[in-house]
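Try each task before you read its solution.

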Amino acid sequence: MENMTTYNNMKTILEGAKNVLIISHVNPDGDTLGASLAIFLALKNKYADKNITITVLNKVPELYEFLPALDNIKFIEDISDNEIFDVAIAVDVASKDRMSKALPFFDSAKTTINIDHHKTNNNYGQLNFVEPDASSASEVMFKVLKNCGFEITQDIADCLYTGIMTDTGS
């Protein structure tokens, strides 16, 4: 469980970052997509001048094509192998191996952030927001966004709601 110091650290890190990578787990589901898109939108809304990249490792299921900002998602193969990110954020990724081809980008980032709800998560990030009692990564993401001072827009709420609904079986 994190405290306000951890949230403040995240705010400071994000404010100073020029480029951020958001990573979902292999075979994306509603929770990893919803929570990832929520932080992507929050960052784009607050820091329009930053390079925010959101990536998936596999095709997004048609079921989630309604999600806002989905057209911003890049396949990991579309990111240059030599690109170094100031911040890499793993979302709903229980273990580093679930990042697959995105792992080198995560490991080479100046700062790594881990946002998750799985009991098996071993807090592999430099900053960890892992709540095993949460229903979903989207629930954890809501707390992170609120405590870091991001506005929760309708699009962000739709993304978070999708993640919570799909991970709880509605």
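This is a predicted model: local features need pLDDT of at least 70, side-chain atom pairs count only at pLDDT 80 or more; totals for chains, interfaces and linings use all residues.

**Exercise 1. Charges over rings**

Solution: Start with Lys-46. Lys-46 lies over the face of Phe-150, at 5.1 Å from the ring centre. Now take Lys-50. Lys-50 lies over the face of Tyr-47, at 5.0 Å from the ring centre.

**Exercise 2. The pair of Tyr-47 and Phe-150**

Task: Classify the ring pair of Tyr-47 and Phe-150 as stacked, tilted or edge-to-face.

Solution: Begin with the count, which comes to four aromatic pairs. In one of them, the ring centres of Tyr-47 and Phe-150 are 6.3 Å apart. Centres must lie within 6.5 Å for rings to pair. Next, look at the planes. They stand at 85 degrees, so Tyr-47 and Phe-150 are edge-to-face, the cut-off being over 60 degrees.

Then place the partners along the chain. Tyr-47 sits in the loop between α2 (30-46) and β2 (51-56). Phe-150 sits in the loop between α4 (137-147) and α5 (154-168). The two are 103 residues apart, and the pair links distant parts of the chain.

Task: Are Tyr-47 and Phe-150 buried or exposed?

Solution: The cut-off for buried is under 20% relative accessible area. Tyr-47 has 10%, so Tyr-47 counts as buried. Phe-150 has 6%, so Phe-150 is buried.

**Exercise 3. The pair of Phe-106 and Tyr-124**

Task: Describe the geometry of the pair formed by Phe-106 and Tyr-124, then locate both residues.

Solution: Centre to centre, Phe-106 and Tyr-124 are 5.6 Å apart. Their planes make an angle of 75 degrees, and the pair is edge-to-face. Phe-106 belongs to helix α3 (residues 103-108). Tyr-124 is in the loop between β5 (111-116) and β6 (127-130), 18 residues from Phe-106. Finish with burial. Phe-106 has a relative accessible area of 1% and is buried. Tyr-124, at 14%, counts as buried.

**Exercise 4. Helix α1**

Task: What should helix α1 (residues 4-16) span at 1.5 Å a residue?

Solution: The helix has 13 residues. The rule is 1.5 Å times one less than the number of residues.

Task: Where on α1 do the buried residues lie, and what covers them?

Solution: First list them: Thr-6, Tyr-7, Met-10 and Leu-14 are buried. They cover an arc of only 100 degrees around the axis, so they lie on the same side of α1. Their cover includes β1 (19-23), α2, β4 (87-91), β5, β6 and α4. Last, turn to the face away from the buried side, which carries the exposed residues Thr-12 and Gly-16.

Methods. Residues are numbered from 1 along each chain as its sequence is written. Side-chain values use heavy atoms; hydrogens and water are left out. Rings of Phe, Tyr and Trp (its six-membered ring) pair if their centres lie within 6.5 Å; planes under 30 degrees apart count as stacked, over 60 as edge-to-face and the rest as tilted. Helices (H or I, at least four residues) and strands (E, at least two) are DSSP runs, numbered from the N terminus. Buried means under 20% relative accessible area, exposed over 50%, partly exposed in between (1.4 Å probe, protein chains only). A charge sits over a ring if NZ of Lys or CZ of Arg is within 6 Å of the ring centre and within 35 degrees of the ring normal. The arc is that of the directions from the helix axis to the C-beta atoms. Contact means heavy atoms within 4.5 Å.
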